[in-house]
Amino acid sequence: MVKKSCLFLDTIQNKIDTKLRVSVPGSFRSVLEEMNTELILYASFKQPCLEGLTGDMLEVLAQGIYEQYDMFSEEESDLTSMIFAESRVFPLDSTGRLTLIPKLMEHAELSDTALFVGKGKTFQIWNPELFAKEQQKVREKMKTRPLTFRLKKEANE
């Protein structure tokens, strides 16, 4: 059996119906099924979008926060308030839709269309027009400041 990718990939636009339901892209649902985990959303504290991730990835975020910051420090308190206090599990219905809530729709300026943007271990949900503007800003920034990163070596190397 071939293992499926456990990364959120691609950019997919779907309609939001009058009951605030939106179909989660099939490839995103496959990640959730492969990992046997739930879908979590919260309002991004950096951009006008929603952050989406698995329950497993939320655990990784929690571990990182608690390893990097002292318990009850201002930084730890700010991050946990912005992430965990804002997070909700969003169950999918039998057709793979989730039902958004007005608070999150307002934050991301969503009305009738949602753009699912894969970001590897996480994803975002954007207003398509806002994402196009943001993506253009990022492209311009990358032209003047190329990004590099170091890959960790595998344990068996």
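## Salt bridges in a predicted model

Glu140 and Lys143 are three residues apart in helix 5 (residues 128–144), so about one helical turn separates them. Helices here are DSSP runs of H or I with at least four residues, strands are runs of E with at least two, and both are numbered from the N terminus. The two side chains form a salt bridge, with the closest N and O atoms 3.3 Å apart. That term means a side-chain nitrogen of Lys or Arg within 4 Å of a carboxyl oxygen of Asp or Glu.

A word on the source: this is a predicted model, where local features need pLDDT of at least 70, side-chain atom pairs count only at pLDDT 80 or more, and totals for chains, interfaces and linings use all residues. Residues are numbered from 1 along each chain as its sequence is written, and side-chain values use heavy atoms, leaving out hydrogens and water.

Searching the whole structure gives six salt bridges. Three of them are listed here:

| Pair | N to O distance |
|---|---|
| Glu140 and Lys143 | 3.3 Å |
| Glu86 and Lys103 | 3.7 Å |
| Arg97 and Asp17 | 4.0 Å |

How exposed are the partners? Lys143 is exposed at 63% relative accessibility, while Glu140 is partly exposed at 39%. (Buried means under 20% relative accessible area, exposed over 50%, and partly exposed in between, with a 1.4 Å probe and protein chains only.) Lys103 is exposed at 54%, and Glu86 is partly exposed at 25%.
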